[in-house]
Amino acid sequence: MKLCNHIRFDLTYGLFRREMWGKYIIWLGFFALASLDFAGELVSIEATQYTYGDYLLRIFGGMREYVPAPGEPFEIPYLWLINHVGILYFTLHYMHDDLEGTGWQMILRSGNRTGWWLSKCVWNAAVVVGLYLIAWGTVFLLAGLNHAVWSFGISPFMAEIMAPGPCQLISASWQVTLEITILPLLATLAVSQVQMLLCLMLRPAVSYVVSIVLFLSSAYKLSPFLPGNYAMALRSDKIISNGVSQMTGIEIHLFLILASVVLGNLLFQKYNILNKED
Amino acid sequence: MPIIFDRVTKVIGKHKVIDQVSCTMQTGSITGLKGINGSGKTMMMRLIAGLIYPTEGQVIVDGKSVGKEISFPPSLGIMLENPSFLNPYSGYENLKLLAGINHKIFADEIDGALSRVGLLENKDKAYKKYSLGMKQRLGIAAAIMERPAILLLDEPTNSLDESGVELVKQIVQEEKARGATVVLSCHDASVLADLADEIIAIQGGKIAEA
């Protein structure tokens, strides 16, 4: 019952307080700009038929494997990166702010720390999912207004642009639907949960730097041990022979989420609840 | 509920913020904590409340070790220095939110607490519009509203004018009369002298005199 009280508070005040509305609007604006930018690209290449999947691939698809070579500088996949680290920034401070505000009073009254921690995990998941819904909603709306075809398949011209050269994106166009939808969501969710866990041991700013490094290193290096790779359709084993597996990605992300929730709860049992001034 | 510090040491980072403190706070008494900023008064309150746990030794509340046998004392009201509430909510809504965790008290009792600290007329005003003194009063109301067996007040007279200080003194005495164990820290030595049955002086995390 007390867990329900915590969750009710976090899913009302935590999700809909004034500061959050500002973040939601920024997020909507960012994806509107990204969608309009892509619409401009479609005009410039004179594409006549394109899909919702093309929009998602362009914005959430990430980048192909980077192979360091002379004259081939590493180009940061900004859209992909901002999507992940933006959400991670939006979820960074809530836990600490709440704990130093009314959170500690709620913990004292509820008589246990677990409910508060689990509630923050639920809040974290709700914000990540909510921000993805805003992103998808904005992209779908603008894609629809631009007369995109209602399909998550990838158009051949997009395959050529996003993954030129030897790659199976054209033949596998329908099979990357999870990679352009659920897997980016799961990756952000997993890393944001890990970030919350880190915030119990490190300063929030340091935890955030760790998260950014994790995603940047994922973009730089194709490796099954760097979770950001699973959030890039262009790194899928359906598209490139040395790519990462969709199922492994789902398993790793679910494991990270579960492990962070459980470990965080264990750590929080002995966590010193202090103020910044202390 | 008696509170016993049994050779309690607390280390945070590399700092020993409480160092081998042993003392007893008797049921139904007012214990004053005296010391300069950073001496360890607030840490002692946090240790009693279970917000932090001892590195060595134990804090025993009503016969049970906090952090080992119980996570938190079962009936505790606490106001820490510079209380913080939700800005967009009114004073009343903030207290209602906290009271809603245990459902021990309802609207009448919340109003009663607000009345005791002189905030009833401003109960519907947003917290962000409260003055420092009003915020302090709301913190005291939150601490006393559920009639706790242990009441911890950390610098309750901060930001209060003379009448506010008198009000705090009255509330503390009423709580003692009700049977609560009160622990009070205050910069103003005269407030402690007026109220406390016993004064514990803290210096550098240690008891200077008892």
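Which residue is the bridge partner of B:T9 in β4(B)? In this predicted model, the partner of B:T9 is B:E56, and this pair belongs to the antiparallel arrangement in which five bridges join β1(B) to strand β4, residues 56-61 of chain B. A further pair between these two strands is formed by B:F5, whose bridge partner in β4(B) is B:V59.

Strand β1 of chain B, residues 3-12, is also joined to strand β2, residues 15-25 of that chain, and here seven bridges link the strands, which again run antiparallel. Within this pairing, B:V11 has B:K16 of β2(B) as its bridge partner. The two strands form a hairpin with two residues between them, where B:G13 takes a positive phi near 65°.

From β4(B) the pairing continues to strand β5, residues 64-65 of chain B, in the antiparallel sense and over two bridges. B:V61 stands opposite B:K64 in β5(B), and the hairpin made by β4(B) and β5(B) has two residues between the strands, with B:D62 in the turn showing a positive phi of about 55°.

The C-alpha atoms of chain B fill a box of roughly 45 × 35 × 35 Å along the principal axes. A compact globule of 210 residues would have a radius of gyration near 17 Å, and because chain B has 17 Å, its value agrees with that expectation. Buried residues account for 47% of the 210 residues of chain B, and among its contacts between residues at least 6 apart in sequence, 70% join residues at least 24 apart.

Chain B also touches chain A, in a contact that takes 20 residues from chain B and 23 residues from chain A. On the side of chain B that touches chain A, at least two residues each come from α1 (41-49), β6 (76-79) and α2 (91-102) of chain B, and the largest share, five residues, is that of α2(B). By residue type, this side of chain B divides into 15 nonpolar, five polar and no charged residues.

Turning to chain A, what makes A:L131 count as buried? A:L131 lies in helix α6, residues 114-145 of chain A, and is classed as buried because it has 22 C-beta neighbours inside 10 Å, where the cut-off for a buried residue is 20 or more. Leaving aside residues up to four places away in sequence, A:L131 touches A:W27, A:I87 and A:F90. The C-alpha atoms of A:L131 and A:Y208, which are 77 residues apart along the chain, are separated by 18 Å.

Helix α6 of chain A is also one of the elements against which the buried residues of α11(A) pack, together with α8 (177-180) and α9 (182-199) of chain A. Helix α11 covers residues 246-268 of chain A, and because its 23 residues at 1.5 Å a residue should span 33 Å, the separation of 33 Å between its end C-alpha atoms agrees with that value. The buried residues in α11(A) are A:Q246, A:G249, A:I252, A:H253, A:I257, A:S260, A:G264 and A:F268.

Methods:
Residues numbered from 1 in each chain as written. Chains lettered and ligands numbered in written order. Predicted model: local features only at pLDDT ≥ 70, side-chain atom pairs only at ≥ 80, totals over all residues. Rg over C-alpha atoms; globule rule 2.2 N^0.38 Å. Buried ≥ 20, exposed ≤ 12 C-beta atoms within 10 Å, placed from the backbone. Contact = placed C-beta atoms within 7 Å. Helix = DSSP H or I, 4+ residues; strand = E, 2+ residues; numbered from the N terminus. Nonpolar A, V, L, I, M, F, W, Y, C, P; charged D, E, K, R; others polar. Pairing = 2+ DSSP bridges. Expected span 1.5 Å × (residues − 1).
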